[in-house]
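Read the following as a walk through one model, from a single side chain out to the helix pair around it and then to the charged contacts.

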Amino acid sequence: MDPQRVLQYLAEVEEAAEDVLASKQQIVDLDTKRNRNREALSALRNELSDAENVKVCLGNMFIKFPKSKTKEFIEKDQEQLDKEIHELRKGLKVKVNRLNEIQGKPELRGYNLSPLSSEELSAVNSLLNR
């Protein structure tokens with residue numbers, strides 16, 4: 001086998017694997033941020049009165065905001081994080097399949113499954129409850 005071709009093959013595999021690992025790390029980082037936001041929302045709900053202002057760290061400074069605005073800001077951030085994580089997970093499936101294709105491995109079975117939507121789940125439940 002041609003050494004140049006082997007080198008090119010190894011470079012393709014390495015690039016695809018790095019792409020998969022980078023996406024996985026990005027998902028972990030976003031999920032960590034999402035968990036911190038969840039903790040902050042819980043603290044806002046349980047520990048402070050609605051009349052209080054809260055200190056929010058933005059970059060390297062703290063700013064006082066009304067509790068309601070802070071909660072709204074964090075909830076919007078949560079929605080954005082959920083969207084980003086969902087898109088990354090969808091893209092990760094494609095990247096893993098590409099890596100397997102390059103390596104000559106078969107496509108993962110059951111890996112492209114997606115959960116039932118709430119409408120689909122309610123339809124299934126209504127059929128089962130008859």
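L41 is buried, at 9% relative accessible area (buried is under 20%, exposed over 50%, partly exposed in between, with a 1.4 Å probe and protein chains only). This is a predicted model, in which local features need pLDDT of at least 70 and side-chain atom pairs count only at pLDDT 80 or more, while totals for chains, interfaces and linings use all residues. Residues are numbered from 1 along each chain as its sequence is written, and side-chain values use heavy atoms, with hydrogens and water left out.

L41 sits in helix α1, residues 3–47 (helices are DSSP runs of H or I with at least four residues, numbered from the N terminus). Leaving aside residues up to four places away in sequence, L41 touches K71, I74, E75 and Q78, where contact means heavy atoms within 4.5 Å. For Q78, the C-alpha to C-alpha distance from L41 is 10.0 Å, across 37 residues of sequence.

The axes of α1 and helix α2, residues 67–103, come within 8 Å and cross at roughly 160° (axes are lines fitted to C-alpha atoms, for helices over the stretch in contact, and angles run from 0 to 180 degrees between N-to-C directions). The two helices are therefore roughly antiparallel, a term for angles over 145 degrees. The crossing of α1 past α2 is left-handed, meaning that the near helix is turned anticlockwise from the far one by less than a right angle. Residues in this contact divide into 18 nonpolar, six polar and 16 charged (Ala, Val, Leu, Ile, Met, Phe, Trp, Tyr, Cys and Pro count as nonpolar, Asp, Glu, Lys and Arg as charged, and the others, Gly among them, as polar).

Side chains of opposite charge can pair when their charged atoms come close. The structure holds six salt bridges, each a side-chain nitrogen of Lys or Arg within 4 Å of a carboxyl oxygen of Asp or Glu. One of them joins D19 and K95 at 3.4 Å, N to O. This pair links D19 in α1 with K95 in α2, 76 residues apart. D19 is partly exposed at 36%, and K95 is partly exposed at 25%.

D31, R34 and D82 form a network of salt bridges. D31 meets R34 at 2.5 Å, N to O; these residues are three apart in α1, so about one helical turn separates them. R34 is buried, at 14%, whereas D31 is partly exposed at 23%. R34 also pairs with D82, with the closest N and O atoms 2.7 Å apart. Because R34 lies in α1 and D82 in α2, this bridge ties together parts 48 residues apart in sequence. D82 is partly exposed, at 36%.

Note on methods:
Angles under 35 degrees count as roughly parallel, over 145 as roughly antiparallel, 65 to 115 as roughly perpendicular and the rest as oblique.
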